[in-house]
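Here are some exercises to work through with the model open beside you. Try each task before you read its solution.

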Amino acid sequence: MIKAESIDFYYGEYHALKNISMQMEPNTVTALIGPSGCGKSTFLRLFNRMNDLIEGTRLEGKCWVDGVDIYDKSVDVDELRKRVGMVFQKPTPFPKSIFENVAYGLRVNGIKDKKFIAQRVEESLRGAALWDEVKDKLKKSAYELSGGQQQRLCIARSLAISPSVLLMDEPASALDPISTSKIEELIYSLKEHYTIVIVTHNMQQASRVSDKTGFFMLGELIEYNDTKKIFLNPAMEETQNYITGRFG
Amino acid sequence: MERELANIKDTVNEMWRLVISQLEKAKQSFLTGDVDLGHEVMSRERRINAYELKIDSDCENYIALFAPVAVDLRLVLSLIKISNTLERIGDFANGVAIHVVKDDCIAFTKALSEELRMEELFDVLLRMLTDSFVLLQSENTQLVGRILAQDDTVDQIYDDSIEVLSNYLANHTDQTPCGLKTLLLIRKLERIGDHCSNIVEEIVFYVDAKVLKHGGKTVPLDRESKE
């Protein structure tokens, strides 16, 4: 389970997130939607402490992942990032072979057992619905894959280290409709094993893949509810105006 | 996107006005025995069908091209159902006109018209149809109770008509075919009341996102097999 409680976040003087509290249940997909600059990606990045890498930021409030206060001083950020995988807008394969891309996280974590690594790579590629397409060319460069395949490779790379949470920041925005469809099917199947949070600008994607949707605007969480409720009968006028395209 | 939806709504409004006019003319044709007016109603029936097809097509295009959600989705779904329902009401108005034009039982029906409260029945139905039109324009769902209550009057007139016709036919058995045709005619009018209620339910779904249909109760689909 992921939980945020009374989160305020600042980039220097800029108040980017204002008193955000929300909870994502295990094995669900939560979509975060809202206009550009509303804070949804900032919020997403809190959960694997990616914002720590930006100078001048400040956080108030608490974030929990699987019952652990992830901003507690005792938390090892590397360990946290093993539990919380992240997929970015643009596919970010390493300049290595397909196999080595997926094995990378395991090797970095000191695993040397070749048999175990090979098994985990296959499991991860299968989990990312890519195995059948790459099983005969695992030694080829990841750059030889299409954009959609590269993105699924990045998902496989995240799965290899057995996270419990997957964060996805617009994972299909740079992909064509067929690749997007594959990613969406993948998200749907992955929720059986992971808790997934996805930032998207694509309203239809949010409605297709998520169980719950949170609408952000100007750093505030305006509405958080079941996706069906949000897209059929949102409680807040701002949500309705945004999802129907009346402003943004 | 808003303009497209407004255009569809305008077309539904045009269809609605035509259906009100059809029912009004069917009523006049029936009460006065005006066969020409009956023919006019019958000839305009095709326009109503054309409206239904156009609205279906426009709504399909709108959903395919604009992927509406929330209030826009509820409105377009409601407009599809309202236009389908208006087409059925148009059919019933046409049925009244055919009853007049055929002329084989019109004398029988007119003779019992007062006792059967036919004019009152037409008036209540026209009021329901007009009030529901106003409801869609005003989106004031406080009017809903008043409109739906009128269907009780329609049902009462229909129930009473069975008794009136039963008593009459008991002493005039040779007129049984016309008695049955008259009952079918009144049954059609009673169905218009139900259709107006359905339209009101659709408007409430659009405005308030509430389901009034079947009392708003949902039962799991597998329940039937267990019961």
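Two strands pair if DSSP finds at least two bridges between them; strands (E, at least two residues) and helices (H or I, at least four) are DSSP runs, numbered from the N terminus. This is a predicted model, in which local features need pLDDT of at least 70, side-chain atom pairs count only at pLDDT 80 or more, and totals for chains, interfaces and linings use all residues. Residues are numbered from 1 along each chain as its sequence is written, while chains are lettered from A and ligands numbered from 1 in the order in which they are written.

**Exercise 1.** Work out the strand order of the open sheet of six strands in chain A.

*Solution.* Begin with E6(A) and strand E7 (residues 165–169) of chain A, which pair in the parallel sense over four bridges. Within this pair, A:Gly85 faces A:Leu166 in E7(A). Next, five bridges join E7(A) to strand E8 (residues 195–199) of chain A, again parallel, with A:Met168 opposite A:Ile198 in E8(A).

**Exercise 2.** Are the residues on the two faces of strand E6 (residues 84–87) of chain A buried or exposed?

*Solution.* Take the two faces in turn. A residue is buried if 20 or more other C-beta atoms, placed from the backbone, lie within 10 Å of its own, exposed if 12 or fewer, and partly exposed in between. A:Val84 and A:Met86 on one side are buried, and so are A:Gly85 and A:Val87 on the other.

**Exercise 3.** Describe the open sheet of four strands in chain A.

*Solution.* Its order is E2-E1-E4-E5 (chain A), with antiparallel pairing. Strand E2 (14–24) and strand E5 (68–69) of chain A are the edge strands, each pairing on one side only. Inside the sheet, eight bridges connect strand E1 (residues 2–11) of chain A with strand E4 (residues 57–65) of chain A; A:Asp8 stands opposite A:Glu60 in E4(A).

**Exercise 4.** How many residues of chain A are in contact with chain B, and which helix of chain A gives the most?

*Solution.* H8(A) gives the most, with three residues.
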